[in-house]
Amino acid sequence: MNILTAEGLSKSYGVKMLFDDVSFSMDESDRVGLIGINGSGKSTFLKVIAGLESTESGTIAIGNRIVVEYLPQNPAFEPNATVLEYIYSGTSPVMKVLREYEAALAILNLGGSDKQLEQRFMELTAQMDALDAWQIESDAKKVLSMLGVDNFDAKLDTLSGGQRKRVALAGALIRPADLLILDEPTNHIDTETVDWLESFLAKRKSALLMITHDRYFLDRVANRIVELDQAKLYNYTGNYSTFLELKAERLKIEQASEEKRQNLYRRELAWIRRGAKARTTKQKARIDRFEDIQAAKPDSRPGDVDIALSASRLGKKVIELSHITKSFDERTVIRDFNYIVQRDDRIGIVGENGQGKSTLLKMIAGWITPDSGTVDIGPTVKIGFFSQENEQMDDNLRVIEYIKEAAENVRTSDGSLISAAQMLERFLFPSGMQGTRIAKLSGGEKRRLYLLRILVEAPNVLLLDEPTNDLDIQTLTILEDYLEDYSGAVITVSHDRFFLDRTAETIFAFEGEGKIVYHVGNYAEYSEVRQKRITEAQAEEKLEVKENKAKGGANEPNSASGNESSTSRPLKLSFKEQKEYETIDDRIAETEQQLAEVNEGINQAGSDYGLLQSLTAKQQELEAQLGELLERWTYLNELVELIEQNKGRK
């Protein structure tokens with residue numbers, strides 16, 4: 001079913017045309033990835049579709065009952081709002097009820113109570129049942145936890161910028177919508193959370209329109225790619241890999257068509273130059289055709305970013321990290337870490353948000369000092385630090401001024417010397433843009449300019465902190481190619497699995513409590529090894545629990561004669577576990593029935609606030625009991641499965 005149709009949309013920014021007479025539509029099953037170079041107008045297009053910006057021409061038709069939820073790159077926040085208050089914002093009936101219910105519950109928990117409040121609380125409880133809001137409340141807290149936000153009552157102005165963006169993402173995912181629009185949803189989340197987000201969106205039934213630079217994400221989530229190129233939209237059915245094939249075919253066809261046009265143009269031009277005159281109808285028609293051929297010349301393409309820049313000479317000694325430790329408050333993020341960086345190292349750093357990845361880069365760059373240990377930098381080392389937040393970029397400078405601060409002239413990889421203005425053109429900043437103030441650039445254009453500023457200083461050690469944030473796929477691909485041949489060390493913090501697989505040959509993995517695990521290989525190989533390690537640990541834990549139970553209880557110490565390997569003892573359910581396994585399904589069904597009866601009693605409680613409190617307490621008790629039973633059911637079934645596997649091996 002069609003949910004949205006846009007026709008004849010045109011939008012410009014100053015003298016730049018972002019999109020010109022484009023049409024676009026979406027069905028309820030569409031998962032659309034919008035791609036294009038930075039500054040091409042992708043984010044503006046999303047805002048237009050979401051109804052937040054107008055166009056110079058064109059119409060957008062959305063179904064009357066279609067609800068649209070939009071997540072911008074930089075969401076606006078009410079500073080004094082709590083996490084849950086932000087999550088439950090919106091105008092839908094279910095969100096209004098959730099906000100009022102949470103507010104009333106907070107007052108009651110603080111001891112505030114009167115008949116009017118009690119009556120309102122019962123009304124809200126009934127509305128929560130009617131709208132199935134309990135499920136949304138539960139889902140909201142699960143999603144927040146998966147995104148690394150555990151304090152639901154925290155004020156938004158006390159959170160870091162990355163945490164606030166994850167709260168905004170959680171809000172967009174939770175609010176009911178028929179069309180979900182996401183602008184760079186994978187920014188500021190770690191690799192494991194990106195995996196979870198892929199699964200979450202795959203199960204979600206609403207249509208999806210998104211901008212993302214994450215190529216694995218596009219491959220696994222999108223079923224359609226729309227490219228914004230030279231103010232036109234091009235539609236491709238399939239994921240990102242299919243898009244690459246289909247685009248190559250399109251460009252080949254366009255090239256063949258242009259070659260034919262040029263051949264015809266040359267023939268007609270020769271005829272015109274021989275002195276053609278519009279004296280007859282046929283001659284006039286031929287002159288008109290020549291003018292049409294001339295007018296059909298395609299717009300010149302901006303080309304690709306050119307990162308053909310040289311690096312400074314690097315000596316034998318690069319960087320030595322010796323027993324470095326760093327803590328914040330009472331939390332240690334890096335503990336006794338040692339490593340000697342080599343000239344040709346390609347290191348990728350991964351881990352959950354807040355574990356210290358950026359801190360490690362900043363210590364190497366000399367921006368912060370370790371609490372103990374030393375960072376010894378070689379005498380020829382020249383570090384280029386591409387930080388996550390563009391900290392050293394002055395928005396008041398003009399584009400050309402910002403680059404000239406670093407170098408008036410730039411040495412390229414072939415040894416030639418070009419001006420800063422020429423280098424800017426190679427980075428897709430034409431002469432007309434070079435006088436623009438940085439503040440007026442898009443987020444992606446700022447990142448591209450910041451990258452150029454780092455590279456023109458000819459560093460021989462590159463520290464890249466989330467380089468894929470806000471950079472378009474085209475620029476990322478060229479950056480990856482550049483790093484392959486870069487004559488220096490590269491250390492990268494990134495959540496972009498595709499980028500890490502292409503650029504990293506060694507992985508530093510932050511695995512909690514200041515521990516950094518060292519792995520030789522790219523991210524995919526590390527991830528496979530880590531998953532195998534986790535699976536083996538879980539299997540060992542299950543066997544240990546089984547062994548303890550077989551000896552008379554999980555809490556009993558091992559006897560002196562109990563030192564034999566768990567694999568030498570036959571693995572089977574104890575008599576007690578066998579009886580529990582046979583009856584647990586009935587116990588779960590009975591508990592679920594009791595819970596349903598209590599829920600019905602809550603609905604019928606009316607104005608009896610005392611009864612309502614009693615039933616609510618019983619409801620919480622049964623929910624906890626059901627949770628324990630389900631957890632036990634999972635354990636027993638996994639143990640039975642393990643026993644069957646062992647029998648199969650024998």
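Strand S12 (residues 346-351) and strand S18 (residues 489-493) pair in the parallel sense, over four bridges. Within this pairing, Arg 346 stands opposite Val 490 in S18. The model is a predicted one. S12 also pairs in the parallel sense with strand S19 (residues 506-510), here over five bridges. In this second pairing Gly 351 faces Phe 510 of S19. S12 is mostly covered, with six of its six residues buried. In a regular strand, side chains alternate between the two faces of the sheet. In S12 both faces are covered. Arg 346, Gly 348 and Val 350 are buried on one side. Ile 347, Ile 349 and Gly 351 are buried on the other.

Across the chain, the secondary structure comes to 19 helices and 20 strands. The chain has 650 residues, and buried residues make up 44% of them. Of the contacts with a separation of 6 or more, 69% come from residues 24 or more positions apart.

A further sheet is open and has six strands, in the order S5-S6-S7-S3-S8-S9. Its pairing is mixed. Strand S5 (68-71) and strand S9 (232-237) stand at the edges. Each has a single partner strand, so one side of each is left without a neighbour in the sheet. From one strand to the next, the twist averages 15°.

The largest nonpolar core has 55 residues. Val 83, Ile 87, Leu 144, Val 167, Leu 182 and Leu 201 have the most contacts inside this core. Domain 1 (1-66 + 178-238) and domain 2 (84-161) both contribute residues, so the core lies between them. Leu 144 illustrates the packing. With residues up to four places away in sequence not counted, Leu 144 touches Val 83, Leu 84, Ile 87, Val 149, Phe 152, Val 167 and Ala 170. Another core, of 39 residues, lies apart from the largest one. Among its members are Leu 309, Phe 427, Leu 451 and Val 490. Val 490 is also the residue of S18 that stands opposite Arg 346.

Helix H12 (residues 399-406) has four named buried positions: Val 399, Ile 400, Tyr 402 and Ile 403. Seen down the axis of H12, these buried residues fall within an arc of 160°, so they line one face of the helix. An α-helix has 3.6 residues a turn, so residues three or four places apart point the same way. The cover over the buried residues of H12 includes helix H13 (420-426) and helix H14 (443-456).

Arg 398 lies in the loop between strand S14 (383-386) and H12. Arg 398 and Arg 437 are 39 residues apart in sequence. In space, their C-alpha atoms are 4.1 Å apart. The contacts of Arg 398 include Arg 437 itself. Gln 434, Gly 435, Thr 436 and Ile 438 are also touched by Arg 398, again leaving out residues up to four places away in sequence.

Notes. Residues numbered from 1 in each chain as written. Predicted model: local features only at pLDDT ≥ 70, side-chain atom pairs only at ≥ 80, totals over all residues. Heavy atoms only, no water. Buried < 20%, exposed > 50% of the residue type's maximum accessible area, 1.4 Å probe, protein only. Helix = DSSP H or I, 4+ residues; strand = E, 2+ residues; numbered from the N terminus. Arc of directions from axis to C-beta. Contact = heavy atoms within 4.5 Å. Core = buried A, V, L, I, M, F, W, Y, C linked by side-chain atoms within 4.5 Å. Domains from an automatic or database assignment. Pairing = 2+ DSSP bridges. Axes fitted to C-alpha atoms, helices over the stretch in contact; angles between N-to-C directions.
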